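My plan is to look at how the chain is linked to itself and what sits inside.

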Amino acid sequence: MDSDERPQQVTGVVIITLPPSDDPSLGKTITTFTLTNDVFPQSHLTQQREQEQVQNLPTTHVLTSPPPSPQNPQLGFSFSRPFFDNPRMLLGFLGISLFALLLYCSAFSNTFVELRNSNNDDDEKPESFIFPLYHKLGADSELKLGRFVDVDKDNLVASINSGAMGTQMINKLVAANAAVIDSSGTILPVRGNVYPDGLYFTYMLVGNPQRPYFLDIDTGSDLTWIQCDAPCSSCAKGANPLYKPTRVNIVASKDSMCTEVQKNQKPQNCETCQQCDYEIEYADRSSSLGVLARDKLHLVTANGSITNLDVVFGCAYDQQGILLNTLSKTDGILGLSRAKISLPYQLASKGIINNVVGHCLATDLTAGGYMFLGDDFVPNWGMSWVPMLGSSSIEFYHTQLVKINYGSSSLSLGGQYSNIGRVVFDSGSSYTYFTKQAYAELVASLSEVSKLGFIQYASDPTLPICWQAPFPIRSIMDVKQFFKTLTLQFGSKWWIISKKFHIPPEGYLIISNKGNVCLGILDGSNVHDGSTFLLGDISLRGQLVIYDNAKLKIGWTQSDCAKPRRFKSLPFFEG
């Protein structure tokens with residue numbers, strides 16, 4: 001054969017993709033990449049197409065050839081023939097490309113899974129509901145303690161001014177946010193702050209006719225309960241009139257929900273009882289006593305439609321302790337834990353939502369944030385995920401901690417195991433709690449601000465540790481530069497591959513009504529067994545935090561918490 005008629009040298013790569021196991025009828029997919037210095041002769045392409053038609057297989061062939069060479073060879077780019085004549089260079093190029101692809105897929109594996117799942121038929125997916133958060137209107141507040149915390153409250157309690165937020169404001173907030181959520185969500189505003197109010201709350205519409213009730217959102221509580229007239233023996237003057245049940249609303253003692261709520265209480269053998277009694281005691285020694293009720297919960301979607309659901313909640317007729325002060329602006333507690341009696345579990349068991357809870361607490365005192373039930377508003381990218389520790393007897397949200405730093409200084413984890421700690425995410429606690437050893441080391445590290453003119457001010461009863469600044473201050477931004485960021489490290493002690501939760505100074509400091517800087521991290525010796533870190537509202541602000549009970553993982557990402565958004569694509573694909 002004459003040298004001019006010799007076929008062009010071609011290097012090819014063939015990728016064969018097998019059909020999915022659940023649908024083999026889709027057939028194989030064959031992707032062919034060809035590289036050559038010249039364009040394929042037309043006769044060669046025609047011959048290959050004829051061969052494909054003869055085979056008559058359910059396959060897809062993709063032929064890719066480089067474009068014709070540019071007229072100006074100095075501006076063009078092409079691989080030289082020696083690149084393909086040298087097997088080592090070719091294999092090296094393919095190896096580097098494959099490594100880069102694997103590294104990219106590994107870094108964004110969660111993203112690809114979420115994007116793949118987001119392509120499912122939306123009509124078959126459970127719905128999601130958005131609950132905006134409200135703040136209480138008052139000058140002072142009481143420190144809200146989670147159910148795991150037991151501390152000396154003598155210097156931590158202040159009164160809450162009475163008052164209520166009208167239904168008219170609720171309707172305005174619903175209308176203002178309805179434009180940003182599609183019909184699968186519902187808008188119910190969330191407001192709140194750590195100081196001076198001490199809690200974040202939302203509202204729900206319950207009963208027939210429906211009435212609004214303001215509920216303190218609490219990821220550390222199981223049962224949702226509302227103050228009720230059954231009759232009421234000890235109730236605070238809440239934001240709204242007491243819930244008044246009828247006989248048909250009362251849950252019988254033989255109901256499975258009664259068994260669930262009473263499993264951690266003293267055994268009660270009452271075969272003739274017509275009602276299910278419960279009692280909840282919180283770590284601050286306050287308590288709530290009541291009976292279980294079943295009534296309609298009205299969830300309003302953004303397009304105006306209403307979903308009516310039968311849910312079980314507590315009809316609380318006897319509240320004791322400092323809980324009575326907290327209820328001067330709210331009507332009860334919204335239990336969001338992993339327990340079967342919690343509202344998310346009840347909705348998920350009915351197929352209404354996937355068992356996912358999310359909240360975003362705003363740092364802006366004039367805002368509040370939002371919370372949602374369901375997975376429609378889980379971002380497809382940008383989240384840091386850690387596994388949720390699972391246990392049949394532990395129903396709060398917690399995970400393992402491997403390291404904690406104040407600035408560049410490492411703090412001891414303390415507790416039973418010196419190399420591994422546990423962290424609880426609890427929106428029912430106003431402040432954050434460290435183990436005794438970690439707390440002592442943090443306080444010692446913070447003593448360095450005394451060299452900058454900050455004087456510890458023991459006369460301020462707001463929190464155990466407060467400093468008087470050497471200059472007048474109006475907000476944390478005025479003193480932020482003198483304090484360092486706390487970093488909680490999860491998953492691995494290797495910094496580059498671990499997941500990190502950053503708590504900037506505004507995530508652990510407040511400005512008291514006396515104008516002092518106070519430490520919003522407390523000694524957690526009495527939190528759980530003393531070996532647990534607890535992240536309260538002060539450190540959860542400015543973060544979208546998601547508890548995925550279906551996949552047993554906890555995630556977070558920084559956010560301004562202005563409004564929920566749906567993420568359809570990766571950030572670098574957005575316009």
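I began with a definition: I take a disulfide to be a pair of cysteine sulfur atoms within 2.5 Å. A reminder to myself is that this is a predicted model.

**Entry 1: counting the links.** How many disulfides does the rule give? I get a count of five, and I followed up three of them below.

**Entry 2: cysteine 228 and cysteine 315.** The sulfur atoms of cysteine 228 and cysteine 315 lie 1.8 Å apart, and I note the two as a disulfide. Is this link right-handed or left-handed? The torsion about its S-S bond is about 90 degrees, so I wrote down right-handed. Next I looked up where the two ends sit. Cysteine 228 is in the loop between β7 (225-227) and α6 (256-261), while cysteine 315 is in strand β10; the pair links distant parts of the chain, 87 residues apart. I then checked burial, where the cut-off is under 20% relative accessible area. Cysteine 228 has 0% relative accessibility, so it counts as buried. Cysteine 315 also has 0% and therefore counts as buried.

**Entry 3: cysteine 360 and cysteine 561.** Here the S to S distance is 2.1 Å, and a disulfide joins cysteine 360 to cysteine 561. I found -75 degrees about the S-S bond, and this link is left-handed. Cysteine 360 belongs to strand β12 (residues 356-361), and cysteine 561 to the segment after β29 (553-558), 201 residues apart. Both cysteine 360 and cysteine 561 are buried.

**Entry 4: cysteine 466 and cysteine 518.** This disulfide has an S to S distance of 2.1 Å. The torsion about the S-S bond is about 100 degrees, so I have it as right-handed. Cysteine 466 lies in strand β21 (residues 466-468) and cysteine 518 in strand β25 (residues 517-519), so the link ties together parts 52 residues apart in sequence. I found cysteine 466 buried, and cysteine 518 too.

**Entry 5: the nonpolar cores.** Which members of the largest nonpolar core touch the most others? Among its 89 residues, I listed Phe425, Phe434, Trp467 and Phe483. Strand β10 (residues 306-320) gives this core its largest share, five residues. I also found a second, separate core of 19 residues, with Met257, Tyr278, Tyr282 and Ala316 among them.

**Entry 6: a closer look at phenylalanine 483.** Setting aside neighbours within four places in sequence, I found phenylalanine 483 in contact with several residues, including Tyr406, Leu446, Phe454, Trp467 and Val517.

Notes
Residues numbered from 1 in each chain as written. Predicted model: local features only at pLDDT ≥ 70, side-chain atom pairs only at ≥ 80, totals over all residues. Heavy atoms only, no water. Core = buried A, V, L, I, M, F, W, Y, C linked by side-chain atoms within 4.5 Å. Buried < 20%, exposed > 50% of the residue type's maximum accessible area, 1.4 Å probe, protein only. Helix = DSSP H or I, 4+ residues; strand = E, 2+ residues; numbered from the N terminus. Contact = heavy atoms within 4.5 Å.
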